[in-house]
Amino acid sequence: MRFWKLIWQFEWGMASIGAGLCLLAMMLMTVISVFGRYVLHLDLIPGAYNIIERILFPLMVFWALPTAHREKTFPRLESFPDALSPFWRTVVSAFVLAVEIVIYGIALWFVTRFVWGSIQSGRPMQVGTNFWPLWPVLLMMPLAFALMLLEMARLLAADVRILVATTTKMKNES
């Protein structure tokens, strides 16, 4: 249980502190850029749009994804399990989690390949007149997908334990 608490604290830190700071920086940069452009007729933050679009917004999204999935605010593939009995609800939940694990596993595979290729090629991004390395931002994508897969595996294991206990109880009763 200590392992999961550490993972959840890490996810919470990424989502609340990291994504929150990204959102704050995006708002400040936007206000400063608009003020400079329309009041001072100057570009106060060269490359602000690129910083927001290619650094802050992706970081905010990928840092918040694992927590959004764990807290069930992220869309899931379930649609009608509330109408089922607890046993069948668990069966549907386990099946959906297995499908999600496959889908996100494939996404993780391709994202990791993309990130690795970008790191090897030294993929830069243009910010103003300078070029910044893109790999620190790109590393957050496989991290987010891996954390989501870890949570899905935990939930699937819990559903499987419930199903095994329920079927064992049903066999013992008959």
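User: Which side chain does the side chain of serine 93 make a polar contact with?
Analyst: The partner is the side chain of aspartate 159, at 2.6 Å, where a polar contact is a pair of N or O atoms within 3.5 Å and, within protein, one must be able to donate a hydrogen and the other to accept it, while residues adjacent in sequence count only if both atoms are side-chain atoms. This is a predicted model, in which local features need pLDDT of at least 70 and side-chain atom pairs count only at pLDDT 80 or more, whereas totals for chains, interfaces and linings use all residues. Residues are numbered from 1 along each chain as its sequence is written, and side-chain values use heavy atoms, leaving out hydrogens and water.

User: Is serine 93 buried or exposed?
Analyst: Serine 93 is buried, with a relative accessible area of 14% (buried means under 20%, exposed over 50%, partly exposed in between, using a 1.4 Å probe and protein chains only). Serine 93 is found in helix 3, and helices are DSSP runs of H or I with at least four residues, strands runs of E with at least two, both numbered from the N terminus.

User: And what is threonine 90 in contact with?
Analyst: Leaving aside neighbours within four places in sequence, threonine 90 is in contact (heavy atoms within 4.5 Å) with Asp159, Ile162 and Leu163. Threonine 90 lies in helix 3, residues 86-121, and is buried at 13% relative accessible area.
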